[in-house]
Amino acid sequence: PGLADDAADRWAHALPALPAAGTPDEAVAETTRALNRLGFIAEIGPVGDAIAVSGCPYADLVADNPVICDIHTALIVRLLDQTGQPVALEAMNVFPRRGVCVARLNRPDLEPVRTIGVGRGRIVRTPPPEGITS
């Protein structure tokens, strides 16, 4: 982690600082644009709580150097921090498909109306928040 954080710091400082974002949506959009400028193919998920990252310019090197994914993860943390919004990287899902990752974001402004889970093959419903009907 120390190596990845140091490398991400150097990379983030070498880039133009992201502008302060007025909203969490703008923070995610600015971060996504920065990733695209760096050579990735980054797209915001439909809800705005994830950034799909593909086309990794370093995909051929990752198998022998998995720290590259750690560096990219730390870089996304720094980019989001620069926006000044309460959007944080919750997890980076790295998939076996070469160069495909999903940055899962924690956004306090986005909460599902309700969650329907599955436990032991059965649907487990959680009640909607008070005042919301479904």
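A residue counts as buried here when its relative accessible area is under 20%. Keep that cut-off in mind as we look around this predicted model. R78 has 18% relative accessibility, so R78 counts as buried.

**R78 and its surroundings**
- You can find R78 in helix 4, which covers residues 67–82.
- Setting aside neighbours within four places in sequence, R78 is in contact with D5, A8, D9 and A12.

**Helix 4 as a whole**
- Helix 4 is built from 16 residues.
- From its first C-alpha to its last, helix 4 reaches 23 Å, which is close to the 22 Å expected at 1.5 Å a residue.
- Just after helix 4 comes G84, with a positive phi of about 75 degrees.

- I116, V118 and I123 make a nonpolar surface patch of about 310 Å².
- One of these residues, I116, sits in strand 5, which runs over residues 116–119.
- Is I116 buried, partly exposed or exposed? With a relative accessible area of 44%, I116 is partly exposed, because that class lies between the 20% and 50% cut-offs.

How values were computed:
Residues are numbered from 1 along each chain as its sequence is written. This is a predicted model: local features need pLDDT of at least 70, side-chain atom pairs count only at pLDDT 80 or more; totals for chains, interfaces and linings use all residues. Side-chain values use heavy atoms; hydrogens and water are left out. Helices (H or I, at least four residues) and strands (E, at least two) are DSSP runs, numbered from the N terminus. Buried means under 20% relative accessible area, exposed over 50%, partly exposed in between (1.4 Å probe, protein chains only). Contact means heavy atoms within 4.5 Å. The expected span of a helix is 1.5 Å times one less than its number of residues. Patches are made of residues with over 30% relative accessible area and no salt bridge: like charges are joined within 9 Å, nonpolar side chains (Val, Leu, Ile, Met, Phe, Trp, Tyr) within 5 Å. Accessible areas come from the Shrake-Rupley method with a 1.4 Å probe; for residues, only the protein chains shown count as cover. A salt bridge is a side-chain nitrogen of Lys or Arg within 4 Å of a carboxyl oxygen of Asp or Glu.
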